[in-house]
Amino acid sequence: RHNPFIHLYRRMTPHLRTKWEFDHILSVRDLDVVRKYFRDVEVKFFHLAVIGAVPFRKTFLFGPLRQFLEKVDSMLLRRQFMGKYGWIMVFTIKNPLK
């Protein structure tokens with residue numbers, strides 16, 4: 001939800017998802033809500049720099065470029081500050097608060 005380029009892409013390709021899906025993309029604010037109800041919230045972010053390899057997907061450069069950009073992502077996306085701009089956010093929740 002936080003990356004303006006990805007959000008623009010979603011707006012330009014509405015046929016790839018339902019309106020409900022578009023309207024309910026999770027944000028970092030949703031994580032704040034989850035943290036109110038669970039003791040353990042583990043978050044991982046994916047695909048920010050690696051998106052830059054997409055224009056090269058049908059060339060010999062794609063594989064090496066993707067591998068390099070995945071390493072860049074592994075550094076960039078460690079923290080929520082930058083992670084929230086990635087394409088995908090996955091979180092695991094455990095130990096509900098009573």
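Student: What should I know about the model and the numbering first?
Tutor: The model is predicted, so local features need pLDDT of at least 70, side-chain atom pairs count only at pLDDT 80 or more, and totals for chains, interfaces and linings use all residues. Residues are numbered from 1 along each chain as its sequence is written, and side-chain values use heavy atoms, with hydrogens and water left out.

Student: How many salt bridges does the structure hold?
Tutor: There are three salt bridges, each defined as a side-chain nitrogen of Lys or Arg within 4 Å of a carboxyl oxygen of Asp or Glu.

Student: Which residue pairs with Lys-19?
Tutor: Lys-19 meets Asp-23, at 2.7 Å from N to O.

Student: How far apart are Asp-23 and Lys-19 in helix α2?
Tutor: They are four residues apart in helix α2 (residues 19-23), and therefore separated by about one helical turn. Helices here are DSSP runs of H or I with at least four residues, and strands are E runs of at least two, both numbered from the N terminus.

Student: Is Lys-19 buried or exposed?
Tutor: Lys-19 is exposed, at 63% relative accessibility, whereas Asp-23 is partly exposed at 38%. Buried means under 20% relative accessible area, exposed over 50%, and partly exposed in between (1.4 Å probe, protein chains only).

Student: Which residue does Arg-66 bridge to?
Tutor: Arg-66 bridges to Glu-70, with the closest N and O atoms 3.2 Å apart; both lie in helix α4 (residues 62-76).

Student: Changing topic, where does Phe-46 lie?
Tutor: Phe-46 lies in strand β1 (residues 38-46) and is partly exposed, at 35% relative accessibility.
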